[in-house]
Amino acid sequence: MTRRTVSVPHPSGDPTPSNFGEKDPLKSNGDPHAGAPEEKVELRKKVTLLRGISIITGTIIGAGIFISPKGILKNSGSVGMSLVVWIACGILSLFGALSYAELGTSIKKSGGHYTYILEAFGPQVAFMRMWVDMIAIRPAGLAVIALAFGRYILEPIFMPCGVPEIAIKLATTIGLTAVMYLNSMSVSWTARIQIFLTFSKLLTIATIIVPGVYLLFKGETKNFENAFEDSTVHLSGLPLAFYSGMFAYAGWFYLNFVTEEVENPERTVPLAICISMVIVMICYTMTNVAYYTVMSAEELLASNAVAVTFAEKLMGNVSFAVPVFVALSCFGSMNGCLFAISRMFFVASREGQLPEVLSMIHIRRHTPLPAVIVLYPITLLILFLGDIYSLLNFMSFLRWLFIGVAVIGLIYMRYTRPDMPRPFKVPIFIPAVFSFTCFFMVFLSLYSDPVNTGIGFAISLTGIPAYYIFIHCERKPKWFQKLSDSVNRSLQIILEVVPADH
């Protein structure tokens, strides 16, 4: 797609086109250092190793481990088998994470899945991935995490009664707005708050693990006796248990969305990914051990919120604090997810596959403001009008399909681009095993839920006409070009954003 350079009038109304290489009133307005040599307007390398670990760990550990680990127990058939599934899913996710570590160090561009598919298979397949993400997967996923935040932040106030739906949606909107504002204002503060929220999650998990393991060492082992007996696992159930487990670990790929902002990515990306996955695997496995020490399998399956039931059994009246910690956990997941996903839209715009304004940066904050806020109206629309869970059912398998395609791209580029620098290289069996796992889960979705999977495929196929209408077609009507230029120019002035300096 050919990019058009838009002349941007000054806010004063001066019709002289603004030259972004020269002194611009937009850039110096309100700047105490006006007159000094201008700073480059770009996304800066502010993601250190600690911040990288907090992005991955803080996004993976959402509400799931506190609320519903029973899906794995239900489908695996026994306590022992469920722990095996948790560990196996952790190892498989580590395989995926290591594959992405190679991709992230050899292709040093932000954008994650989108960038790797673009590099391996070209713009059409990459656009399909980005299109599905933008119209459904990301807004629906963000809305679900935000709803969990809204519900659990209000639960201590309304205990023992239920929380009204309208109150949940208002709290959800406030939480979503806070995350959008934070990501729009400062990369540094977004990262600092993510570090704080990650430590608060790990502290919450420690309050579950420590008393549970203490009781285990005191001899509370009755729930682990004959742990593999009574196993009623069926061939159809075990894959569903793995499906639940892989979703619990999903999020290891988020650092790859911000590669361009990572300090020394050749070292930081693989190190952050490996450390994060080890932390999460230990936390998930030990948390489940603590749950089974205090609760029987029957009690765990009967509970709607496992961590709350655990707290009530061990801590009595202090259990009201658990929903607050879960809400903080959800806020951290929202924050990390939005920080990463906005960079994918930023890169897609830079590649000419989204409106130009989405690849612009705020002149003072140095944040990709338009790419951050683009999901806000879509997410609110889905939150108040849409059927979020149906959308997630349609789209969940597509996530694994495209991640599998990206990892297949790694194998493909080993042969098509053998001379590409690879500072971090994994044995070929690691991406092979992981991509097979992804495609197996896609096949499982087709087998177990053909209707929702079919609808998801249909929604994703709308990306094909969208690509040919908006991207491939060079000769667009003049009225469309004028409208596009006018909208870009107006948004650029309103949001105070300019193209990044190269």
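**Helix packing and burial in a predicted chain**

Phe346 counts as buried because its relative accessibility is 4%; buried means under 20% relative accessible area, exposed over 50%, and partly exposed in between, with a 1.4 Å probe and protein chains only. The model is predicted, so local features need pLDDT of at least 70 and side-chain atom pairs count only at pLDDT 80 or more, while totals for chains, interfaces and linings use all residues. Residues are numbered from 1 along each chain as its sequence is written, and side-chain values use heavy atoms, with hydrogens and water left out.

Phe346 is found in helix α14 (residues 321-350). Helices (H or I, at least four residues) and strands (E, at least two) are DSSP runs, numbered from the N terminus. Phe346 and Ser110 are 236 residues apart along the chain. Their C-alpha atoms are separated by 8.7 Å.

The chain has 502 residues, and 54% of them count as buried. Its secondary structure comes to 21 helices and two strands. The accessible surface of the chain is about 21,600 Å² (Shrake-Rupley method, 1.4 Å probe; for residues, only the protein chains shown count as cover). Carbon and sulfur atoms hold 67% of that surface. Contact means heavy atoms within 4.5 Å. Among contacts between residues at least 6 apart in sequence, 82% join residues at least 24 apart.

Ser82 lies in helix α5 (residues 79-106). Ser82 is buried because its relative accessibility is 0%. Leaving aside residues up to four places away in sequence, Ser82 touches Ile72, Leu73, Ser76 and Tyr292. Helix α8 (residues 165-185) holds Glu165, and Thr173 is also placed in α8. Glu165 has a relative accessible area of 47%, so this residue is partly exposed. Its C-alpha atom is separated by 9.6 Å from that of Gly150, 15 residues apart along the chain. Thr173 has a relative accessible area of 17%, so Thr173 is buried. Apart from residues up to four places away in sequence, Thr173 touches Tyr376, Leu380, Leu383 and Phe384.

Two helix pairs were examined. Helix α9 (residues 187-217) and helix α11 (residues 265-294) pack at an angle of about 50 degrees, with axes 8 Å apart. Axes are lines fitted to C-alpha atoms, for helices over the stretch in contact, and angles run from 0 to 180 degrees between N-to-C directions. The angle makes α9 oblique to α11. Angles under 35 degrees count as roughly parallel, over 145 as roughly antiparallel, 65 to 115 as roughly perpendicular and the rest as oblique. The crossing of α9 and α11 is left-handed: the near helix is turned anticlockwise from the far one by less than a right angle, whereas clockwise is right-handed. From α9, the contact includes Leu202, Ile205 and Gly212. From α11, the contact includes Ile279, Cys283 and Met286. By class, this contact of α9 with α11 has 14 nonpolar, three polar and no charged residues. Ala, Val, Leu, Ile, Met, Phe, Trp, Tyr, Cys and Pro count as nonpolar, Asp, Glu, Lys and Arg as charged, and the others, Gly among them, as polar.

Helix α7 (residues 123-158) packs with helix α20 (residues 463-472) at about 115 degrees, with axes 9 Å apart. That angle makes α7 roughly perpendicular to α20. Their crossing is right-handed. Pro123, Gln124, Phe127, Met128 and Trp131 of α7 meet Gly463, Ile464, Ala466, Tyr467 and Ile471 of α20. The contact of α7 with α20 has eight nonpolar, two polar and no charged residues.
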